[in-house]
Amino acid sequence: MQKQGRAPEPDRRAGAPATGAGRGRHPRGLATLVLAELWERFSLYGMVAILVHFLAASRGHGGMGLHEGTAEAVEGVYMAMISLLALPGGWIADRFLGARRAVLWGGVVIMAGHVLMAVPDPAFVWPGLVLIVIGTGLLKPNISALVGRLYAADDDQRRDAGYSIFYMGINLGAVIAPIVVGYLGEEVNWHLGFGAAAVGMALGLLQYVLGGRRLTAQLRAEPVVRLTPAERRRVRRTGTYGVVFTAVLIALLAAGHALSIDNITFVLTLVAVVVPAGVLLSMYRSPKITPVERIRLRAYVWLFLAATLFWLVYDQMGNELNLFAAQKTDLSLLGRHVPASWTQSLPSLFVIVLAPVFAAFWVRRGRHMSTPLKFGLALLLTGASFVVMSGAAAIASTGVKVSLMWLVGVYVIQVMGEMCLSPVGLSVTTKLAPRAFTNQMMGVWFLAAATGDAIGAQLPRLDAVIGQSLNFLWQGAAVIATGAVMVFFAGRLKILTGEAAAARETVGAAA
């Protein structure tokens, strides 16, 4: 999930190719950005692969000794905050740093966070997580924006292929990371694993700095729309209010003896729900949008809610399914026990394998399927994956460790759902965005993941109340029911989004 910041006006001189690229070749800077992002994803997904295990492990085993529900909530809220901060991260690049420097400083802050995590002292864990969240919020949206700006013209046919290469780098890093970091963390020492993540980010920074000369002069410049004096005063005022509110909230929690890790995760979950709702509501009530845009925004809310439910289930792979792998799965592979964190490589591996298959299918058949229908299918598949997990959990509840193939099957189903939702999510966001809020809407799409991750982070706590099997089952059933409703009303939503009119125009033009 990447947010694109505002790009500078491209060089539109006739025949001006992107620097370092001949006809049909990609700009030389693409390799720099792909490798930098690969190593950044290596650091992030490597750390995430062992985070919940480290948090839940006893102090005697070098962990934090948190209750499992708390550990899962921390991991999920951590991922939610990464998505949430992508929105201000893009804004900071637009108005202060520029995308190139935002990526650089984001990487430095991320590496500092991993270094703190590598220190074998619990006191450094929480500052380390905070730094990684802040740094990723800076880097994540802006490196994606730089990829788009490598291409001189908006209609450059190489742009989509360039992004495909970029996202392949993301998934390659996500496949390798759990194998390396997971082995070091689980089998040797937790903090050595976090240190490996820091090394990965350091390699990404080195690649980014040394390869910087391959970026065009336009990208090396700082395309920043500076704040006006009035805007600066408003930012200072808002920042002051935010600091005061946070300080008062912490003081109240402390005074009530309620300042706990659990309560902090509850507060952050509430933030992840309220912020997207507030952003969408402010857009809807804005006098800057037209009646037609308001109708399409209402349709987009349904797609946003569908995406939220999707990520609510999908991103539990990092906490609930990760611990299920460690505690209730037979991890013997070719006669050898493998670390539970290695299972976190499977989703990205399946993305690499299935993406070309689905891309070919969408080209041939996809034009006959509306975006709401694709979202509905994504929910049906993702909900079905948790129904399958319910069966696995029921078997495990008898004390028998289940086959690894249960998780393999679940991840295949979930990735198939992702192929129905992720590729069209940014596209439909762009199409339905009110003209006055085009850039902000790109950030709103990532807020769906933040909301889903935050809510999903709290749901594993229900395992202790209703049992893990039933917990999986009701979540899966609820998502399937929502997907069925989405499919049933896909035609109506297609009209509201304007896709029906576009399809009729296409048919008319062809005739």
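How much accessible surface does the protein chain have, and what share of it belongs to carbon and sulfur atoms? The accessible surface comes to about 22,700 Å², and 67% of it belongs to carbon and sulfur atoms. Accessible areas come from the Shrake-Rupley method with a 1.4 Å probe; for residues, only the protein chains shown count as cover.

This is a predicted model, in which local features need pLDDT of at least 70 and side-chain atom pairs count only at pLDDT 80 or more, while totals for chains, interfaces and linings use all residues. Residues are numbered from 1 along each chain as its sequence is written, and side-chain values use heavy atoms, with hydrogens and water left out.

**Overall build**

The protein chain has 20 helices and four strands. Helices (H or I, at least four residues) and strands (E, at least two) are DSSP runs, numbered from the N terminus. Of its 511 residues, 49% count as buried. Buried means under 20% relative accessible area, exposed over 50%, and partly exposed in between (1.4 Å probe, protein chains only). Among contacts with a separation of 6 or more, 82% join residues 24 or more positions apart. A contact means heavy atoms within 4.5 Å.

**Salt bridges**

The structure holds three salt bridges. Each is a side-chain nitrogen of Lys or Arg within 4 Å of a carboxyl oxygen of Asp or Glu.

| Pair | N to O distance |
|---|---|
| Glu-37 and Arg-41 | 3.6 Å |
| Glu-40 and Arg-41 | 2.6 Å |
| Arg-461 and Asp-262 | 2.9 Å |

Glu-37, Glu-40 and Arg-41 are linked in a network. Glu-37 and Arg-41 are four residues apart in helix α1 (residues 29-56), so about one helical turn separates them. Glu-37 is buried, at 0% relative accessible area. Arg-41 is buried too, at 3%.

The bridge between Arg-461 and Asp-262 links distant parts of the chain, 199 residues apart. Arg-461 sits in the loop between α16 (438-458) and α17 (463-466), and Asp-262 in helix α10 (residues 261-284). Arg-461 is partly exposed at 22% relative accessibility. Asp-262 is partly exposed at 26%.

**A buried glutamate**

Glu-418 lies in helix α15 (residues 404-432). Glu-418 counts as buried because its relative accessibility is 14%. Leaving out residues up to four places away in sequence, Glu-418 touches Phe-310, Trp-311, Tyr-314, Val-351 and Pro-423. Lys-374 is 44 residues from Glu-418 in sequence, and their C-alpha atoms are 10.0 Å apart.
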